[in-house]
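Here is a friendly walk through a few local features of the structure shown below. Have it open as you read.

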Amino acid sequence: MLAFILKRLAQSVLVMAVVSAISFSLFNFVGDPVNNMVGQDATREQRVQIRIDLGLDDPILVQYTRFMGNALQGDFGLSYRIKRPVDELIFERLPATIELVFVSAIIALVVGISLGVYTGIRRNSWISRTVLSTSLVGVSLPTFIIGIALIYLFAVILRWLPSSGRGGVVDLGWWKTSFLTVDGWRAIILPAITLSLFQLTLILRLVRAEMMEVMRTDYIKFARARGLAERSINFVHALRNTLVPVITIIGLNIGGLIAFSVITETVFQWPGTGLMFIQAVDFVDVPIMAAYLVFVALLFVIINLVVDILYFVVDPRIRLGD
Amino acid sequence: MSELLEINDLDVEFPTRRGTVKAARGVSLTVKPGEVLGLVGESGAGKSTIGNAIIDLLERPGRVAGGSIMFEGEELRGRTEDEMRKVRGDRIGMIFQDPQTSLNPLLTIGAQLVETIEKTTGIKGSQADDRAVELLEAVGITEARARLKAYPHQFSGGMRQRVVIALALAGDPDLIIADEPTTALDVSIQKQILDLIKKLCRERDLGVIIVTHDIGVIAEIADRVCVMYRGEVVETGPVAQILGAPNHEYTKSLIAAVPRADQRLHRFTSVDYIEGGDEERRRIDIQTHWLGEARSKPSSEDAIEVENLNLSFTLQKAVLKKNRKMLKAVDNVSFTVKQGEVFGLVGESGSGKSTVARLIAGLYRPDSGTIRVKGTDITTKPKSAEAVEARRAVQMIFQDPYSSLNARMRVMDVVAEPIRFYKMTSSEAETKQIVRDLLDHVGLGAEAAIKYPHEFSGGQRQRISIARALASRPKILICDEPTSALDVSVQATILNLLKDLQEELGLTMLFITHDLPVIRQMSDRIAVMRHGAICEIADTDQLFAAPEHEYSKHLLELMPRMDLLGTAAE
């Protein structure tokens, strides 16, 4: 198992190297940042001075080495627009995104798996049919439409929930959380549901398909023939076997949640990294874009590593395989 | 002695879109305590349906439409799901065919046993553990306590089937229904499992219903036999009478179709009662036909020469050679097959017999050693023109008729492909005529050409495979377990067809099987294989009369006792 994890780690390092090279190339291919930083009336000398200050005149390899060296220490330079260190900006905004992704992942997993199991077992009941047809909405409507529709219904018409922002936030010193106030919870509900819908549908349909597959296997039939209770067959024997393939997809999907959070955060004006990224794109704020890219890739890589390790926990054939 | 189970006039129906299929019609049978009842029939006879109907686990939408199932004096029909759950496992245990799939792969066998024990007997905690150990010991698993923590994949097939039996016994049932319990196992394991079932039946005074298609299993274990044909019981009686002096026509033909290990017959008896008897075949005159043009005359030349063949598979990769785990699949194998001879390769699963066949067909490359086909070396320069030509002369028939034909191609194209590939004819019209003749000759009829493979049964598909193999006018035919997926009656007709073709075309044949009676009927000489190496090569009659190698003797001893069939032979 150790060898396996080491191998995966080495692969992860390779992925990160490629991603960082791509994000570095942003500096050279996405327009001229200086134009965005100075006013129309800046003199030529001022522009040159800024280029020198930012190190944009050095050869590309020197720039790349500097970028990598700094990146490894968590230093992605100064934001062109706000003139503050990028890592500081990201860490300020990170709690908002992580809390949002966490809540929507929980919603997607709990609701997705339980509805998937239910519709897999009670294939023909009217509840299953209703769930399946409404779940199509989750995949077919774009996130921003769902978000706007939810805002319109719950914030504008019913006035139950706030339409944007994080609401009441408690500062723990290193982490600003919205989990400790009622206001914070009220604010997170709508964006979290919006973000989770797509993944929820995928998980639901996947679990249902796997469940139906597993229910047809011999060991389920044999479990029935031994007179085991229906509950034990469904949850001890079937569900666990269902989860083996589902885990892979769930891992990728949680990565997807982070990626999709860009849109949700924009719709709900959620002050997370996604919103920051969109604003950075508007102003060609390359350091933030590059850092965000590296950061998302890192999350993906970590999640996939965790998924691989989870395989060992769930499936003894891999754990004890020889 | 009173009856443990008494089924009267049972009807089972499967409603389908095209009307109701009656899987069982008016079935009546009885089982006494301490008795093994064999329920025998070919696929589709409804024998598994009976087993499932007893414990109310029919696949939907199947249902019991009539009759009664009396178990220990109580009616089992019409009970609620909760009531039936108390019967299953507690009073009636079930054993399934494939031990690879009947255990949950993610739970330890201890967990599965304890769960079943707690449910069926109410014993809890460490006492349940003790009971699990007792059960494993009763089915012959050693170091049972340590094995409780093992997962199913850590056991071999035979051991898993023992675990399955232990699970079926967990609730101390009075009746065991075993559905093809040894079909997926090797002969040597089959014998052990059957002995175990019989022993448990006697010791615990259990009633056992053993559902099987294999007359050999019946001869080995059953006290009484029910023969099923198309959903009906055609004959019931003591095993000696059914096998020795059957009354019903179907039973007679079924038993006549069983390959005999004790004597060699020229052809398998095929009786009209069995569908697809091969007498109706429209044959072509092979002597004057295109197919017969390249016919081989018998000669003393060697058709296949295999010298010091070796092949290893890598089980575990590693950078260092000493850390790699290799499996020697073929270990220094040498033999020669004369022209026009049928050479048998026999062995249990994993003995390397199929690998040898694949090496000769050119599907694998050997690590070392040479293979000469008709004097041409096909191993050193496999891409040379002579080697390709030599390989055209070698064709193969595979075991599984379902996966060896491309489902998206019409039979015409399946059979014509080799002819087109080797550009053996001058026109497309000629190719098509040859394909139609071939299909006629293998007993399918020319009209089969426009159909797709899924429209055919297993036996018919195997005929398509044979036609395809013959299409390139081969000199050598490799048959890798060509009938092991088929029913006995179908097996008999396919083997007869192969024998006829072999004689008509003077084919050299390499026949691979695990089935000793089949190989006795088919081959002139036999090589016995084990762990990738050849133990013994001998003439067929000599091998069966006086085997020399220890392993050959062992294999022959394991053959099911067929002496009961003595009087049935014609």
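This is a predicted model: local features need pLDDT of at least 70, side-chain atom pairs count only at pLDDT 80 or more; totals for chains, interfaces and linings use all residues.

Let us begin with one arginine. B:Arg267 sits in the loop that links helix H10 (249-256) to helix H11 (290-293) of chain B. Leaving aside residues up to four places away in sequence, B:Arg267 touches B:Asn496 and B:Lys499. Between B:Arg267 and B:Pro474 there are 23 Å in space, C-alpha to C-alpha, and the two are 207 residues apart in sequence.

B:Asp172 is not a glycine, yet its phi is positive, at about 50°. B:Asn332, also a residue other than glycine, has a positive phi near 50°. Where do they lie? B:Asp172 belongs to the loop between helix H6 (157-169) and strand E7 (175-179) of chain B, while B:Asn332 is part of strand E12 (residues 325-338) of chain B.

The table sets out the exposure of the residues discussed so far.

| Residue | Other C-beta atoms within 10 Å | Class |
|---|---|---|
| B:Asp172 | 16 atoms | partly exposed |
| B:Asn332 | 14 atoms | partly exposed |

Now turn to chain A and a pair of helices. Two packed helices are described by the angle between their axes and the distance between the axes. Helix H7 (residues 143-157) of chain A packs against helix H8 (residues 182-215) of chain A at an angle of about 145°, and their axes are 9 Å apart. The crossing of H7(A) and H8(A) is right-handed. On the H7(A) side, the contact is made by A:Thr143, A:Ile146, A:Gly147, A:Leu150, A:Ile151 and A:Phe154. H8(A) contributes A:Leu190, A:Ile193, A:Thr194, A:Leu197 and A:Phe198. Sorted by class, the contact of H7(A) with H8(A) has eight nonpolar residues, three polar ones and no charged ones.

Finally, how do the two chains meet? Chain A puts 19 residues into the contact and chain B puts in 26 residues. On the side of chain A that touches chain B, the elements giving two or more residues are helix H9 (218-225), helix H10 (230-268) and helix H13 (316-319) of chain A. H9(A) gives the most to this side, with six residues. By class, the residues on the side of chain A that touches chain B are seven nonpolar, five polar and seven charged.

Notes
Residues are numbered from 1 along each chain as its sequence is written. Chains are lettered from A and ligands numbered from 1 in the order in which they are written. Axes are lines fitted to C-alpha atoms, for helices over the stretch in contact, and angles run from 0 to 180 degrees between N-to-C directions. Helices (H or I, at least four residues) and strands (E, at least two) are DSSP runs, numbered from the N terminus. A crossing is left-handed if the near helix is turned anticlockwise from the far one by less than a right angle, and right-handed if clockwise. Two residues are in contact if their C-beta atoms, placed from the backbone, lie within 7 Å. Ala, Val, Leu, Ile, Met, Phe, Trp, Tyr, Cys and Pro count as nonpolar, Asp, Glu, Lys and Arg as charged, and the others, Gly among them, as polar. A residue is buried if 20 or more other C-beta atoms lie within 10 Å of its own, exposed if 12 or fewer, and partly exposed in between; C-beta atoms are placed from the backbone.
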